[in-house]
Amino acid sequence: MNWHTISVEDVFTFLKTSYKGITQEEAQVRLNAYGFNELKEKKKMTPLMMLLHQFTDFMILVLTAAALLSGLLGELSDTIAIIVIVVLNAIIGFVQEYRAEKAMEALKKMAAPLATVIREGTPVNIPAREIVPGDIVLLEAGKIIPADLRLIEAAQLKIEEAALTGESVPVEKQTQQINEENLPLGDRKNMAYNGTIVTYGRGSGITVATGMNTELGKIATMLQQEEEVKTPLQKRLAVFGKKLSIAVLVICAVIFGIGLLRGEEPLHMLLTAISLAVAAIPEALPAVITISLALGARKMVNQNALIRKLPAVETLGSVTYICSDKTGTLTQNKMTVETIFVNNTMFTATQPLQDNRSKSSQLFFYALALNNDAIRDTSGTLLGDPTETALYYYAFTNSFDKDLLTRTFPRVAEIPFDSERKCMTTIHKNTNQEITQSPYIVFTKGAVDTIINSANTIMIHSEIVPINKDEILKVAEQLSEQGLRVLAVTSKFLDTLPSSITPETVESNLTFLGLVGMIDPPRQEVQQAVSECKSAGIKPVMITGDHPLTAKAIAKRLGIIDENRPYIITGKELQELSLEEFEQKVEYISVYARVAPEQKLKIVKALQDKGQFVAMTGDGVNDAPALKRADIGVAMGITGTDVSKQAAHMILLDDNFATIVKAVREGRRIFDNIRKFIKYTMTSNSGEIWTIFLAPFFGLPIPLLPIHILWINLVTDGLPGLALASDPEEKGIMQRPPRHPQESIFAHGLGAHIIWVGLLMGAVSIITQALSITLWNAHWQTMVFTVLCLSQMGHVLAIRSEKQSLFTLGLFSNKPLLGAFILTFVLQMATIYVPYLNGIFKTHPLTLEELSITLALSSVVFIAVEIEKFLKRKK
């Protein structure tokens, strides 16, 4: 039902109630029919089920199998390490999922605990959950609206609806029927909505919807229906894990079969195949990813971005669209005077007035300062309506201090602003005879079209002449086209106060003083951030409840509108489009104006259906479903409601668009580092497989023992791999397009690199084996073991950048990696030269000549990868 379009009498008839309310008996009947006035949650997973669910991931199952195999081989250290990784991963996943369930709880907290209703003509206090449709609810300042109401009485009633509609100032309410059906919630001035707060005045309303049928209930429904989208990394790893497991099983079966054909001992070949299977599974990958994301999240907090859901850190790197609120995120959330029109001349706010001490200029500034309810507290902070604080501040900076002026011109009467007149009038006693001999001065400010009809003269310098209304309206239109909010300022002198101070007796025969053009200006750093977005292939989109002209002006200043996306669409136009029609246009729209927060969900879905990866900002309750559905939901830390914060993946502690761009940069760095780890660990595993696989084809014995494979896997995959997580960002990280969400983890040559470098590693190991058997015979296995281990260490240093040489990056640009490299080298040397370890690892101390040849062969992989990067740079 569009209750705002129905008269009060018809609502009474439809709901079978009256000003006296319903009877207690009828209330009980309706309570049984409609249920309690509360938000209902769908059946949730128990915490135990949530925890067990974390172990169903395919990669985790593969790791669990690897842990069991390691245990069977007697490698308890490997088993324990893998189990610790799996359990930590499950705990982190559980915490993230458990916290995500809190959005509904935050929504429930908005409900009023008690309400005053009229039953059988008598006001009674009842629990708000017992309110039923047809109940008459009494409202007063400070009360939370307990249900959706059609207002029947409104005495200067103002309601704070920011959480629901995004409207930043309290809305003045009225009771008249509104005939337009498809109005946004914020424009339904005769309605009051569940969860909003009365800030001023009093009133009453008929309950028209309760519980899940209220606007708040509809949001709760959407919030529970919207599934969170899996991150690109989660999708890629699921595919990667399955493919890898199949490949490993096939390779191990082939190696086992070849070994048996060559007459190798079955048990030895079984152990070798199992060891290879354990080695080929990158069990450190979940740990590296978790640590990378956690380190990234910690770094982001210092940049004012609080990550609520860890996978979101990496998802930021895939973002193709950032849909941002205008007010406070792209702009300063501070109305500022930008242009004035005085003495028939236009000035920017920063320009000094040529004649600021003329009578007309002085009266103009007196009006800005005195026709104003803003105040300055003891700390110097301005309090009041944003428009009025802007006027106060502008007058103050031009040496017209309200606090001083009120002594000379004390206020004696006023006619407050109301939405019908669209103006405000104050009357002041005049003790400054230089301005006028009249004892009273009237100042009126308000909407230009209203004020101009009440003015018949204009003051230019010190002369009062007849007004040319068309000329003034033309100037006002020019200012409006620039996106400015325009107010007209007038004055009038009185010899005596009228007996009745009403708009009719005071607001007539006014003298026009000037126009004020105001805007909430863009944040200084946002223009650079928008430019950075575009160079990174990310499309910024503005979403606002503001007028299209204002939205267009700010979007143009920031560079959001361009020739590729020139369109602006209003909420009304968006409502008339089906999702299919909207999807055809969505990629060409850069600004959404007069949009209701609930329409954000439609924008997110349309972009996602077109294969885009969307970051969406929001601060209100109505934003929660869109924040949850978006690939990255971004809540506001300063102005955001608890509901929006609970639904979001990330919270901006400074409500600043530029912070999102910083977070995207960090997300790209983290994904790059995860890719480096995959490149490193899979190449290492590939090298081990090729070494064991190729040796029999050259008539050579199996070059490594199971313990060698597990040792290489433990020391090379562990610390050096984790150290890659702290690698700094690559040059030009924000000059490349976002990764395609469907892009394989092996894209951009990563798969080819794993194969050719793995083959090279295997070839170097086989050559080492052949040479040492031919020349020395005794220590060949120790040499192969060492070459393979150190080749991997050379490889980890070389792959820190796709193109830049290690010598350009500098060895000390990643100190943890350098430390891991040195420690691994020392540990490897210990397996060769510590007698006790010789027995465990079946190794022998190498002579200086053998060690020199081993180190020289170990550097081949490093040199080859550096040459590959050199060729890339040349290309």
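Ser791, Gly794, His795, Leu797 and Ala798 in helix α30 meet Val861, Phe862, Val865, Glu866 and Lys869 in helix α35. Contact here means heavy atoms within 4.5 Å. By class, this contact of α30 with α35 holds five nonpolar, three polar and two charged residues. Ala, Val, Leu, Ile, Met, Phe, Trp, Tyr, Cys and Pro count as nonpolar; Asp, Glu, Lys and Arg count as charged; the others, Gly among them, count as polar.

This is a predicted model: local features need pLDDT of at least 70, side-chain atom pairs count only at pLDDT 80 or more, and totals for chains, interfaces and linings use all residues. Residues are numbered from 1 along each chain as its sequence is written, and side-chain values use heavy atoms, with hydrogens and water left out.

Stay with the two helices. Helix α30 covers residues 780-798, and helix α35 covers residues 860-874. Their axes come within 8 Å and cross at roughly 25 degrees. Axes are lines fitted to C-alpha atoms, for helices over the stretch in contact, and angles run from 0 to 180 degrees between N-to-C directions. α30 and α35 are therefore roughly parallel to each other. The cut-offs are these: angles under 35 degrees count as roughly parallel, over 145 as roughly antiparallel, 65 to 115 as roughly perpendicular and the rest as oblique. The crossing of α30 past α35 is right-handed. A crossing is right-handed if the near helix is turned clockwise from the far one by less than a right angle, and left-handed if anticlockwise.

Helix α30 also packs against helix α34, residues 848-858. Here the angle is about 35 degrees, and the axes are 8 Å apart. α30 passes α34 in a right-handed crossing. From α30 come Met783, Thr786, Val787, Leu790 and Ser791; they meet Glu850, Ile853, Thr854, Leu855, Leu857 and Ser858 in α34. By class, the contact of α30 with α34 has six nonpolar, four polar and one charged residues. Ser791 is listed in the contact with α34 and also in the contact with α35.

Now look at Val796, which lies in helix α30. At 0% relative accessibility, Val796 counts as buried. Buried means under 20% relative accessible area, exposed means over 50%, and partly exposed is in between (1.4 Å probe, protein chains only). Leaving aside neighbours within four places in sequence, Val796 is in contact with Tyr680, Pro720, Leu724 and Leu817. The C-alpha atoms of Val796 and Phe821 are 8.7 Å apart, and the two residues are 25 apart along the chain.

Step back to the whole chain. The protein chain has 35 helices and 26 strands. These are DSSP runs numbered from the N terminus: helices are H or I with at least four residues, strands E with at least two. The C-alpha atoms fill a box of roughly 120 × 75 × 50 Å, taken along the principal axes. Of the 875 residues, 55% count as buried. Among contacts between residues at least 6 apart in sequence, 72% join residues at least 24 apart.

Several loops deserve a look. Asn372 is found between α13 (359-370) and β12 (375-376). Asn372 is buried, with a relative accessible area of 0%. Not counting residues up to four places away in sequence, Asn372 touches Glu388, Leu391, Tyr392, Lys402, Arg411, Met424 and Lys445.

Gln599 sits in the loop between β23 (589-593) and α23 (600-609). Gln599 is buried too, at a relative accessible area of 11%. The Gln599 side chain reaches the backbone oxygen of Gly571 at 2.8 Å. Beyond four places in sequence, Gln599 touches Gly571, Leu574, Gln575 and Arg594.

Next comes backbone geometry. Most residues other than glycine have a negative phi. Ser399 is not a glycine, yet has a positive phi of about 70 degrees. Ser399 is in the loop between α14 (386-397) and α15 (402-408), and is exposed, with a relative accessible area of 58%. Lys422 is not a glycine either, and has a positive phi of about 60 degrees. Lys422 is in the loop between β14 (411-415) and β15 (423-429). At 39% relative accessibility, Lys422 counts as partly exposed.

Last, Pro266. Pro266 is in helix α10 (residues 266-280). Pro266 is partly exposed, with a relative accessible area of 48%. Pro266 touches Phe256 and Leu260, not counting residues up to four places away in sequence. The C-alpha atoms of Pro266 and Phe256 are separated by 8.1 Å, and the residues are 10 apart along the chain.

Notes: A polar contact is a pair of N or O atoms within 3.5 Å; within protein, one must be able to donate a hydrogen and the other to accept it, and residues adjacent in sequence count only if both atoms are side-chain atoms.
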